[in-house]
Amino acid sequence: IASSASSSFFSILLIQRIVPKENPTQVGTALQVFHNLGTLKDTIANVVDGYCTVLEENIKNALDIKVLTQPSQSITRGGPGRAAMPTPGNTAAFRAALWTNMEKLMDQICAACGQVQHLQKVLTKKRDPVSHVCFIEEIVKDHQSDILYKFWTAVTQTLSSQFQSATDSSMFLKQAFEGEYPKLLRLYNDLWKRLQQYSQNIQRNFNTSGTTDLFAELQQMEEDTQDIFMQKTQDYDPEKALKDSLQQYEAAYLSKSLSRLFDPINLVFPPGGRNPPSSDELDSIIKTIASELNVAAVDPDLSLAVAKNVAKTIQLYSVKSEQLLSTQGDASQVIGPLTEGQRRNVAVVNSLYKLHQSVLKVITNQSSFPATAEQTVTTALKAVHDLMGSAVQPLLNSVGDSVEAIIITMHQEDFSGSGKPDVPCSLYMKELQGFIARVMSDYFRHFECFDFVFDNTEAMAQRAIELFIRNASLIRPLGEGGKMRLAADFAQMELAVAPLCRRVSDLGKSYRQLRSFRPLLFQTSEHIASSPALGEVIPFSIILQFLFTRAPPELKSPFQRAEWSIARYSQWLDDHPSEKDRLALIRGALEAYVQSVRTREGKEFAPVYPIMVQLLQKAMSTLQ
């Protein structure tokens with residue numbers, strides 16, 4: 001028995017001496033000896049168990065609170081039964097010692113893994129020259145796991161249990177790992193990268209060491225499969241197994257991170273408060289967000305988790321801001337100067353805009369920010385932008401309604417005259433220009449988010465042009481003098497909507513319609529029907545509406561035939577944007593005209609009628 005124990009001890013000692021040198025020839029020779037003695041399997045098991053035992057001791061020593069607090073104990077020794085803990089002035093020294101120990105522990109784990117990897121590599125390559133049995137088959141023939149998997153499982157389980165035990169018994173260790181979790185995670189990530197790099201380098205070492213016949217034999221062996229550090233299986237993820245020991249610290253860190261993000265927001269939105277945060281207060285919130293993301297940048301998964309916290313923070317800011325918004329009637333008035341509610345709404349929108357832009361800048365400046373994390377924050381920022389839109393929408397609606405109300409008053413003016421007009425534009429146009437200029441000056445100039453404002457007011461300008469052309473096409477009767485005044489109104493309309501946009505020409509199709517329609521006022525019906533602008537720029541339905549003004553009263557416009565007011569007809573057009581619906585209504589008016597002529601036994605139709613029928617047929621054919 002003594003001889004057997006001595007032999008086993010000698011075997012382990014020999015392997016532990018040879019393996020760290022990472023010479024496959026020497027290791028292969030030693031393994032052949034143990035194979036010949038019939039002790040290969042037990043020797044390998046004992047060697048791996050020995051590495052596990054040493055690492056367990058290393059982990060305990062690294063986390064030993066008595067060792068970590070030794071400097072403070074030498075000054076003030078605790079009484080019997082008192083837990084070892086750092087004195088307030090020595091906390092920094094305690095943490096410095098802890099992180100030094102952790103770095104050393106990662107080196108020890110890496111070294112041990114490397115030796116087991118090397119041993120498994122030789123076992124996988126080496127075959128017995130007589131039986132040709134591969135040594136690794138000898139080790140795993142009883143359906144046991146390969147030695148690297150067995151070793152790694154033991155190490156990761158030991159890490160989990162020892163970390164749990166150490167932090168359960170020491171609040172200082174627990175606080176260190178929770179408070180500085182990213183530092184701990186970075187050590188683990190660095191260890192994992194080193195293990196993967198070592199796996200890649202092993203083959204190179206095999207190819208460059210040894211010149212004996214044994215090495216030549218090793219080179220001729222088949223390539224082994226990748227070890228566990230190079231690939232995960234469906235059943236086992238070695239990196240996850242390593243990081244499982246960190247789960248409780250990550251959860252605590254993320255909880256504290258969320259508190260750090262939420263606290264300044266709750267502070268600047270006190271219960272009953274009526275104003276959004278000041279610029280300095282918002283800067284403080286942005287700095288906290290940037291700090292949390294920067295610290296989390298050590299790991300993609302941690303970055304994503306913290307990004308989710310940032311998204312919750314943005315959401316909280318939005319909810320608090322929305323509660324400040326005034327939704328009373330005075331928030332949308334456009335008659336007098338800014339009300340208190342409108343001032344507060346402007347301040348809230350400006351605050352949301354600054355948050356949006358600042359956070360956008362923070363994530364843009366993040367290096368190697370995961371796409372999923374960026375998407376998480378960007379989605380939250382979109383909700384901020386949407387809230388800004390909701391906040392200004394009542395005011396935009398009021399302005400839009402007023403613009404429409406002013407435009408529709410053009411029908412109260414007389415465009416039937418034949419002489420040259422004595423004013424540069426109509427009264428309604430003067431009123432429209434004055435109203436839009438005042439609205440931009442009194443309300444919208446207070447918003448700091450110019451692009452956001454123009455994105456909204458440009459849509460209003462497009463709508464104003466659409467309504468202007470619609471109503472201009474409905475004016476009856478329209479004399480030669482009236483055409484000249486209306487043409488002047490078309491030119492003035494560009495000036496009217498100019499304050500609402502960056503450049504009037506940026507309004508796209510609306511601007512082209514405004515420019516294209518004006519010359520048609522003075523063209524013959526035949527020329528109008530053949531205009532290249534038809535269909536492409538100006539809808540057929542608008543031109544057909546306009547041609548009704550050149551017909552006798554008997555050929556009633558669609559709204560006259562339906563006995564609608566112009567306001568009701570305009571609403572119907574808004575509710576029926578489809579050209580097909582609008583053309584059908586026009587066709588009904590033309591058919592009613594034909595019926596009325598036949599009823600009175602008229603001999604001919606108005607000259608414009610056949611042009612309109614031909615144009616309607618052309619319009620209908622383009623829809624098919």
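Which side chain meets that of R485 in a salt bridge? In this predicted model, the partner of R485 is E413, with 3.0 Å from N to O; a salt bridge is counted where a side-chain nitrogen of Lys or Arg lies within 4 Å of a carboxyl oxygen of Asp or Glu. The pair links distant parts of the chain, 72 residues apart: R485 belongs to helix α20 (residues 480-497), and E413 to the loop between α17 and α18 (427-442). Helices are DSSP runs (H or I, at least four residues), numbered from the N terminus. R485 is buried, at a relative accessible area of 12%, where buried means under 20%, exposed over 50% and partly exposed in between (1.4 Å probe, protein chains only).

Residues are numbered from 1 along each chain as its sequence is written, and side-chain values use heavy atoms, without hydrogens and water. Because the model is predicted, local features need pLDDT of at least 70 and side-chain atom pairs count only at pLDDT 80 or more, whereas totals for chains, interfaces and linings use all residues.

The count of salt bridges comes to 28. One of them joins E340 and R344, at 3.9 Å from N to O. Both residues lie in helix α16 (residues 340-364), four residues apart, or about one turn of the helix. E340 is exposed, with a relative accessible area of 54%, while R344 is buried at 13%.

A salt bridge also connects R470 with E466, whose closest N and O atoms are 3.2 Å apart. These two residues are four apart in helix α19, a separation of about one helical turn. R470 has a relative accessible area of 2% and is buried; E466, at 34%, is partly exposed. R470 and E466 are also part of a network of salt bridges that links them with E404, R463 and D574.

A search of the whole structure for cavities of 30 Å³ or more returned one. A cavity is a set of points on a 1 Å grid over the protein atoms alone where a 1.4 Å probe fits but cannot get out, and its lining residues have an atom within 4 Å of a point. The volume of the largest cavity, about 30 Å³, is the space filled by probe spheres set on the points, which are joined across faces, edges and corners. Its lining consists of V392, L396, F444, F447, F452, V453, N456 and T457. Helices α17 (371-408) and α19 (450-472) each supply at least two of the lining residues, and α19 gives the most, with four.

Conventions: On a 1 Å grid over the protein atoms alone, a cavity is a set of points where a 1.4 Å probe fits but cannot get out, and a pocket is an open set with protein on both sides within 12 Å along at least five of seven lines; lining residues have an atom within 4 Å of a point.
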